[in-house]
Amino acid sequence: MELLSNLALGFETAVSPMNLLYCLAGALIGTLIGVLPGIGPVQTIAILLPTTFALPPVSALIMLAGIYYGAQYGGSTTSILVNVPGEASSVVTCLDGHQMARRGRGGAALTIAALGSFFAGCFATVVLALLAVPLAELAFRFGPAEYFSLMLFGLVGSVVLASGSLLKAVGMILLGLLLGMIGTDVTSGAHRFTFGVPELADGLGFVSLAMGLFGICDIISSLERREKRDILRSKLAGFWLSRKELKDSAPAVLRGTLLGSLLGILPGGGAILSSFTAYMVEKKSSREPETFGKGNIRGVAGPESANNAAAQTSFVPLLTLGIPPNVVLAMMAGAMMIHGIQPGPRVISNNPALFWGLIASMWVGNLMLVLLNLPLIGIWVRLLSVPYRLLYPAILVFCCIGLYSVNNNTFDIALTALCGLFGYVLHKLDCEPAPLILGFVLGPMMEENLRRGMLLSRGDPSIFFTRPLALLFLVLSAALLVAVALPGIRQSRRRAFKE
Amino acid sequence: MRIGRPQDVLTGVLFLAFGLTAMGLALGLRIGTAARMGPGYFPFALGLLLSALGALLVVKGLRSGPPRGEWPALKVRPLLIILCSVLLFSRLLIPLGLLLSTAVLVVVASLAGHEFRLRETLINAAALVAIVVVLFVYLLEFPIPLGPSLRLASP
C-alpha cells in the first residue's frame with residue numbers, strides 16, 4: 001500500500017497547474033523536435049537545459065523527461081509520412097510505416113504508433129514505480145567497490161550501442177573521463193588541467209560540452225550536405241484501425257512493450273536498441289516475414305511500443321543507482337546535478353515529491369500526447385516544410401543565450417564554440433560523442449569511488465574481486481566487451497546498424 | 001606507402017596527443033600511492049590507457065594493405081562561419097546588448113547556408129529578436145543587458 005500513497009504524492013505533484021504546464025510544454029516541444037529530422041532529444045535537452053535553470057527542479061525534470069518521450073511520439077510521425085526518421089529510434093518505423101502511408105493507411109499507422117506508445121508508456125511507468133524502491137534499497141548496500149564496477153559496466157554498455165570501431169568507442173570513454181577531471185580536485189583541492197584559466201576551476205561546463213558536441217557540431221555537419229525531403233502530400237484519412245489490423249497489432253504492442261521495458265533498464269540499452277530488437281522479433285516470429293518492409297502493421301506497432309517503453313524504463317538505473325544507461329539519460333543526470341540533485345538511491349528518500357512526481361508526470365504526459373498528437377498532425381506536417389536555412393540560426397540563438405545564462409558570463413559561449421570544433425573533428429573521424437558524454441558525467445564519481453575503495457582496502461585491488469557484486473559487474477563488463485569484439489557478433493552488429 | 005585507414009591513424013594521433021598531454025600534466029600533480037591516491041593518480045592512469053589505445057590505432061591504421069577508407073573531406077565554409085558567429089556573439093553581447101548581438105548572430109550564421117537571401121534573413125533576424133526578448137527577458141526574466149551598456153564610456 002506504500003506504493004499507492006507514494007503514487008498519490010506523485011500525482012499531487014504532477015497535476016499542480018505549474019507542473020502540468022511544464023509537462024505539456026515538454027511533451028509538445030519533444031514532439032516538435034521528434035518531428036524535425038536532424039534534431040533529436042539529446043540536442044534538444046542540450047539546447048533547452050539552461051532555460052530550465054529558472055524553474056524549480058521538479059518542473060525542470062518533468063519538462064526534460066517530456067521532451068524525451070515526446071520525441072518518441074514525434075519521430076514516428078516523420079518516419080511514417082516522410083520516410084525520413086525524425087530521430088534515431090524511429091529508423092525502423094520507416095520500413096513499414098511509410099509503406100503503409102503509401103497504400104493509404106498512413107492514418108492507421110499513426111494511430112497504432114500513438115496507441116502502442118501510450119500503452120507502453122503506461123506499462124513502463126508501473127515498472128519504474130515497482131522496481132525503483134527495491135533497487136534503491138539494494139543500492140544502499142553498495143560500497144565504493146560495487147559502485148566503481150557498476151559504473152564500469154555502464155560505460156562498457158555504451159560501447160555496444162556506438163556504431164563503428166570498438167577501439168574508438170573505448171577511446172571516447174577515456175577521453176570523456178579525462179575531460180571530467182578538468183577543474184578542482186575535490187579531495188586535495190588541486191587544480192587539474194585548468195591551464196591557469198580561472199573559469200575552468202569549477203570544471204568544464206556540462207552544458208558547454210553537450211551543446212558544442214551535439215548542438216553546434218550537428219548544425220555544421222548538416223550544412224555540409226544538401227537534404228531533400230519528400231513529404232507525402234496525399235490527404236490523411238482513416239485513422240481507425242480495421243479489425244484485422246487491431247488483431248495483428250495488439251500482440252505486437254504487448255511484445256514490444258515487454259521487450260522495451262527490459263532493454264531500457266540495461267546499460268547501453270534505451271529507445272534505439274529496443275526498437276531495432278522489437279522489429280527483428282516481429283519479423284522472425286511472423287508466419288509471413290516477406291510482408292515486412294511492405295507495410296505490415298506489426299512492423300510499426302512493435303518497435304514504436306518498444307522505444308517508448310524503453311525511453312521510460314531507462315530512468316530506472318539513473319534514479320535508483322545513479323548510473324545513466326544511455327546518452328539522453330546522461331543529459332538528464334547532468335540536468336539533475338546542475339539543479340543540485342545527485343542522481344542515485346538517495347533521490348527517493350530525500351526528494352520523494354520529485355521522484356514520484358516525475359513518475360506520475362510521465363503517465364500524465366503520455367495521456368496528453370495521445371490526446372494531442374493525432375489532432376495536431378496537420379501542424380507537425382506543416383512544420384516539416386520550414387526550410388533548414390531558417391531553422392538553424394534560431395537554434396544557434398537559443399544555444400548562445402542559454403549558454404550566457406548558465407553563469408552569466410560570455411566565457412561559456414566561447415568555450416562552446418571550441419567544443420563545437422572538437423565535436424566536428426570527432427565527427428570527421430567517425431568517433432561517436434555519446435560514450436564521451438557518459439564518461440564525462442561518470443568520471444568524477446568513478447574516481448571518487450576508486451579512491452575510497454582503495455583507501456578502505458589499504459591499496460589492495462583485490463577488493464574488486466572478492467566482493468561478489470563488484471566481481472559480478474566486472475565479469476559482466478568483460479563478457480560484454482568480448483562479445484562485442486567477437487567477429488561473428490561484430491558482423492551482425494554491423495548488419496544491424498546498416499538495416 | 002599508402003595508408004590503409006587514414007581515419008584510424010588520425011584518431012590514434014588525436015588520442016595519443018590527449019593521452020600524452022594528460023600524463024605530462026598529471027606528473028606535475030601529486031601522484032600518491034594506490035592506497036592514498038593523489039590528484040594525479042587517476043588522470044595519469046587514464047592518460048596512459050588513452051595513449052596506448054592511440055598507439056594501437058596508429059599501428060593498425062598504418063599497416064599497408066588495400067586502402068579501406070578515405071581522408072575525411074572538409075568543407076571549411078560552414079565550419080568557420082558558424083564558429084565565428086558564435087564567437088562574435090560572445091564578444092558582442094556585453095558591449096552591444098542582446099538585441100544587436102542576436103541580429104548579428106542570425107545574419108552572420110545565415111551566410112553559412114547553401115543560399116543566402118538578404119530579405120528573408122533580415123525578417124528571420126527580426127522575428128527571432130522579438131521571440132528572444134519576449135521569452136528570455138519578459139517571461140523567463142534572465143538578467144541580460146538589452147541594449148549597449150553605458151559603462152563603455154566610463155573608465
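User: What makes the meeting of the side chains of A:Arg255 and A:Glu282 a salt bridge?

Analyst: A salt bridge is a side-chain nitrogen of Lys or Arg within 4 Å of a carboxyl oxygen of Asp or Glu. The N to O distance for A:Arg255 and A:Glu282 is 2.9 Å, which is within that limit, so the pair counts. The two lie 27 residues apart, A:Arg255 in helix α10 (residues 243-265) and A:Glu282 in helix α11 (residues 271-285) of chain A; helices here are DSSP runs of H or I, at least four residues, and strands are runs of E, at least two, numbered from the N terminus. This is a predicted model, in which local features need pLDDT of at least 70 and side-chain atom pairs pLDDT 80 or more, while totals for chains, interfaces and linings use all residues. Residues are numbered from 1 along each chain as its sequence is written, chains are lettered from A and ligands numbered from 1 in the order written, and side-chain values use heavy atoms, without hydrogens and water.

User: Is A:Glu282 called buried or exposed, and why?

Analyst: Buried means under 20% relative accessible area, exposed over 50%, and partly exposed in between (1.4 Å probe, protein chains only). A:Glu282 has 1%, so A:Glu282 is buried.

User: Which parts of the chain does the pair of A:Lys428 and A:Glu224 tie together?

Analyst: Their side chains meet in a salt bridge at 3.0 Å, N to O. A:Lys428 is in helix α18 and A:Glu224 in helix α9 of chain A, so parts 204 residues apart in sequence are tied together. Both residues are buried.

User: Why is the pair of A:Arg389 and B:Glu120 said to join two chains?

Analyst: The N to O distance of this salt bridge is 2.6 Å. A:Arg389 belongs to helix α17 of chain A and B:Glu120 to helix α5 (residues 118-139) of chain B, so the pair joins two chains. B:Glu120 is partly exposed because its relative accessibility is 22%.

User: How much area do chain A and chain B bury between them?

Analyst: About 5,700 Å², 79% of it on carbon and sulfur atoms. Buried area is the accessible area (1.4 Å probe) that two parts lose on being put together, summed over both. A:Leu167, A:Arg389 and A:Ile401 supply 12% of the area that chain A buries against chain B, more than any other three residues. In terms of contact (heavy atoms within 4.5 Å), 61 residues of chain A meet 65 residues of chain B.

User: Which residues touch the most other members of the largest nonpolar core?

Analyst: A nonpolar core is a set of buried Ala, Val, Leu, Ile, Met, Phe, Trp, Tyr and Cys residues joined through side-chain atoms within 4.5 Å. The largest has 159 residues, and those touching the most other members include A:Leu209, A:Phe315 and B:Ile82. Helix α17 (residues 388-407) of chain A gives the most to this core, 12 residues.

User: Is A:Cys122 buried or exposed?

Analyst: A:Cys122 sits in helix α6 (residues 106-140) of chain A. Its relative accessible area is 17%, so A:Cys122 is buried. The C-alpha atoms of A:Cys122 and A:Trp363 are 5.9 Å apart, although 241 residues separate the two along the chain.
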